[in-house]
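Please read this briefing beside the sequence and the 3D view, which are shown just below. It takes up helix packing and then the domains.

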Amino acid sequence: MNTPTRTYDAVPAQTVAFLGLGVMGHPMAGHLARAGHRVTVYNRTAAKAADWAKTYGDASVKTADTPQLAAAGADIVFACVGNDADLQQVTTGADGAFAGMKPGAVFVDHTTASAEIARQLHGEALRRGLQFIDAPVSGGQAGAVNGALTVMCGGDATPFARIKPVAMAFSKAVTLVGGSGAGQLAKMVNQVCIAGLVQGLSEALAFGQRAGLDLPLVLDVIGKGAAQSWQMDNRGKTMVEGKFDFGFAVDWMRKDLGLVLEEARRNGAQLPVTALVDQFYAEVQTMGGQRWDTSSLIARLTRG
Ligand code: NAP
């Protein structure tokens, strides 16, 4: 997907780095470049960084061979990698960004990771004279491509105020929800909402199919009433058609629900439906759906 042109607020140009040019990071870094910031990118698979530079390349973008080299001289270092272990590697691992950052620079982590690693890295950053904001995102690939992500942040107010206008290049909202780790906890709340809702929608559609209803018509009708949701509007019809080769992968959702269930074991929250839906997603994985969109929960109800 190409990053479409969008308008950007006038913000003084910053020197920034972006680590991780995956489905999300590639377009996010692209918006930073288009907004006029001096961007250096790092990607573990170097060919993707070269591809990114070709797409957004002008005199103000560069590629670097390690997170440490990318972070050197940056005011803000953004990252969007896979999980806790990956984040550990690009921050404090060999050639990690923390070793290259200048005093006072801010590391902004857009990975969906645990609240625990956010707090650990926040503490480690402070010890080194750096700042750390956990900043997971919602809005999916389309949100990243369109520069319309919702970013939920945890950390300290002063560095947050510095990064917010810059992160708005790829966002429609960037909000500080609490201290370190609170951004990751807010993302967990988001995922609990989605898991239960998608299972409810799957059951409703599978029921409607068995009842012999014209489901596209029914979705148009009930989508104007109290049952309406983002999932219904954006996924209802494709669920009926059995199309799942797009969107947010089941493997990622299982990682996220694993983080949620682990946090719930610590804080005592009861999540019976979420735990069950996590097992349903495990079943979808065994059906070959690791990379299917999360709306594929319906597949286990409509097979055979
Ligand atoms: P992705 O396409 O798989 O990209 C992951 C990126 O992280 C790649 O650039 C990968 O490098 C890099 N990476 C992974 N492990 C690394 C390591 N150990 N060291 C250095 N780089 C490493 O994933 P994505 O879809 O962009 O998702 C990224 C994060 O955003 C995940 O935490 C995900 O849960 C979250 N998220 C995703 C979506 C979505 O719709 N996709 C929505 C919201 C949140 P290589 O190119 O070398 O593999």
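This is a predicted model: local features need pLDDT of at least 70, side-chain atom pairs count only at pLDDT 80 or more; totals for chains, interfaces and linings use all residues.

Residues are numbered from 1 along each chain as its sequence is written, and side-chain values use heavy atoms, with hydrogens and water left out.

**Helices α8 and α11**

- Helix α8 and helix α11 (residues 250-267) pack at an angle of about 115 degrees with their axes 10 Å apart, the axes being lines fitted to C-alpha atoms over the stretch in contact and the angles running from 0 to 180 degrees between N-to-C directions.
- The two helices α8 and α11 are therefore roughly perpendicular to each other, and their crossing is left-handed, a term used if the near helix is turned anticlockwise from the far one by less than a right angle, with right-handed used if clockwise.
- Among the residues that make this contact are Leu 185, Met 188 and Ile 194 of α8 and Met 253, Leu 257 and Val 260 of α11, where contact means heavy atoms within 4.5 Å.
- By class, the contact of α8 with α11 has nine nonpolar, one polar and three charged residues; Ala, Val, Leu, Ile, Met, Phe, Trp, Tyr, Cys and Pro count as nonpolar, Asp, Glu, Lys and Arg as charged, and the others, Gly among them, as polar.

**Helices α5 and α8**

- The axes of helix α5 (residues 115-127) and helix α8 (residues 182-210) come within 8 Å and cross at roughly 165 degrees, and α5 and α8 are therefore roughly antiparallel to each other.
- In this right-handed crossing, Ala 115, Ala 118 and Arg 119 of α5 meet Gln 184, Leu 185 and Met 188 of α8.

**Domains**

- The domain assignment, which is automatic or from a database, gives domain 1 (15-179) and domain 2 (186-302).
- The C-alpha centres of domain 1 and domain 2 lie 29 Å apart, and 14 residues of domain 1 are in contact with ten residues of domain 2.
- Between them, domain 1 and domain 2 bury about 890 Å², 61% of it on carbon and sulfur atoms, buried area being the accessible area (1.4 Å probe) that two parts lose on being put together, summed over both.

Methods
Helices (H or I, at least four residues) and strands (E, at least two) are DSSP runs, numbered from the N terminus. Angles under 35 degrees count as roughly parallel, over 145 as roughly antiparallel, 65 to 115 as roughly perpendicular and the rest as oblique.
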